[in-house]
Amino acid sequence: MGRFLNKGNKKFAEFSKTKYFVDKTELINRLLEKDITEKFICNSRPRRFGKSVTADMLVAYFSKGVDSRPLFEPLKCVKDELFLSNMNRYDTIFLDIQAQFEAAHERKEHPQKRIRELVVGELKQIYPAIVSEDDILADALSKIYEETGSPFVIILDEWDYPVREPAADPAEAADYIEFLRGIFKNSDAKEYIRIAYLTGILPILRTKGQSAINNFTEYTMVHAADLGAYIGFTEPEVRALCEKFHTDFDKMKQWYNGYRLGDTCLYNPLSVVKAISNHDFTQYWTATGTYADISELINQNFDGLREAVIRMLSGNSLPLRVSDGKNDLRTFLNKEEVITALIHLGYFAYDRRTKSAYVPNKEIQDVFHHYMENNQNDNLSKFLKQSEKILHALMIKDGHQAAKLIQNVHNDFVSSIEYHDENSLSCTIMIALISSFAYYHKPIREFPCGKGFADLVYLPLPECVNRPVIVVELKWNKSAKAAISQIKNRQYPQSLKGYAGDILLVGIDYDKSTKEHECVIEMEDLNS
């Protein structure tokens, strides 16, 4: 076994014995079912979503020189004839691109030259009569296949490292793309490759409107097709872990659920495992990155970008066109490209059914909350302070001040929202109360209670039980008092017993003629 060729199954064997191991081996069955036109695969996902573990699993399955049957026998993969006949059959090349580029930079070597020499060197050791040390990698692969008739499996982890980093050298990135083209786009590649599997954060890089290696099928956080269940942990898998290790599943769902790929709800594996191991729910995955990921992107100077972020943070979804999303982190043309990049990074999620982006869970909400608290001079931070004043006005039942501040939010931060009905007013109120996510669950629209449906309900987090439930009823060209009367007449408060001791009744009306908001606030004790 070599460093890059046929690394064997040791790493995956060790990982499969860890106590939090979740079996994703059915992915192998899905890959084997792909036909000849689908054997070039790029499966991208955010950091810490299990990319390297998947790569190790594929290396263990495909590599020549080991017997992996005992390893896979107890696992969920279907051991049919197709599975067994392909196991440990192929010369398998595995490269951690980030590791190799970093090593090359440390040694002041050219990365592609280093990779070629290392991999071709190992090929020459096994096939000395076929491979010359002067061969480029594609020629070595082609020559071996021509002589032996045995194709290769090529697995690249962190494939996008040379092109995704904002500080990446453009010339070096261009050389790297040509290196990939040489391996995967030459006329012999379809013959000498059995499966090519690239994994990273970004989809395949596009240049001048076309993919530089456009023979790859892409599976992404925007569209994962039939591989969605193998990116991250699914809800049944998380529930099983919570039951096994006596962890509160409802809290787990609140903190880390929210990514949706097709019909599959996904959780970040790192965060789930850390929460179980530490018996604590907090930010884990985001601690592996930096707030610079957010600040550098959301401070791009595009009209409507910050407003779009504010909308999503408030609990609203954002209609988004992702087809034109750019596949690097250096150059952007519009806010849609920035938001698409943040989806690939995991800071936002995308629902293909509604074609909209949204904030997936409390972990991500907290990331942005901390960002806004720690960056005092940008518009997001200024907006958070304004929202905190609105929430305070509600708590002290100062309807006049609350209405005035809501008016300012609409004028200064979300002026693009044109009021046509109560739904557009609801969007503004959710935005105005964005600071509530420090104390409350995501607001629930059209909450069924009493004899109807409350427009907005904010339920306090378990650690904030002293906070009142907030029920917001909205009116259009009527009166805020009419909104309060509706809350009482339809008995909304009675159906909210058990959530908190007090309930804050908030009635808000917008007068179309005067273009002003009116707010009336009352408090009721549910236990009285």
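**Two helices side by side**

Helix α8 (residues 137-148) and helix α10 (residues 170-184) have axes that come within 8 Å and cross at roughly 10°. Axes here are lines fitted to C-alpha atoms, for helices over the stretch in contact, with angles from 0 to 180 degrees between N-to-C directions; helices (H or I, at least four residues) and strands (E, at least two) are DSSP runs, numbered from the N terminus. α8 and α10 are therefore roughly parallel to each other, a label for angles under 35 degrees. Leu137, Ala138 and Leu141 in α8 meet Phe179, Gly182 and Ile183 in α10, where contact means heavy atoms within 4.5 Å.

This is a predicted model, in which local features need pLDDT of at least 70, side-chain atom pairs count only at pLDDT 80 or more, and totals for chains, interfaces and linings use all residues. Residues are numbered from 1 along each chain as its sequence is written, and side-chain values use heavy atoms, leaving out hydrogens and water.

Leucine 505 has glutamate 522 in β18 as its bridge partner. Four residues lie between the strands of this hairpin, and lysine 515 takes a positive phi near 60° there.

Note on methods
Parallel < 35°, antiparallel > 145°, perpendicular 65-115°, else oblique. Pairing = 2+ DSSP bridges.
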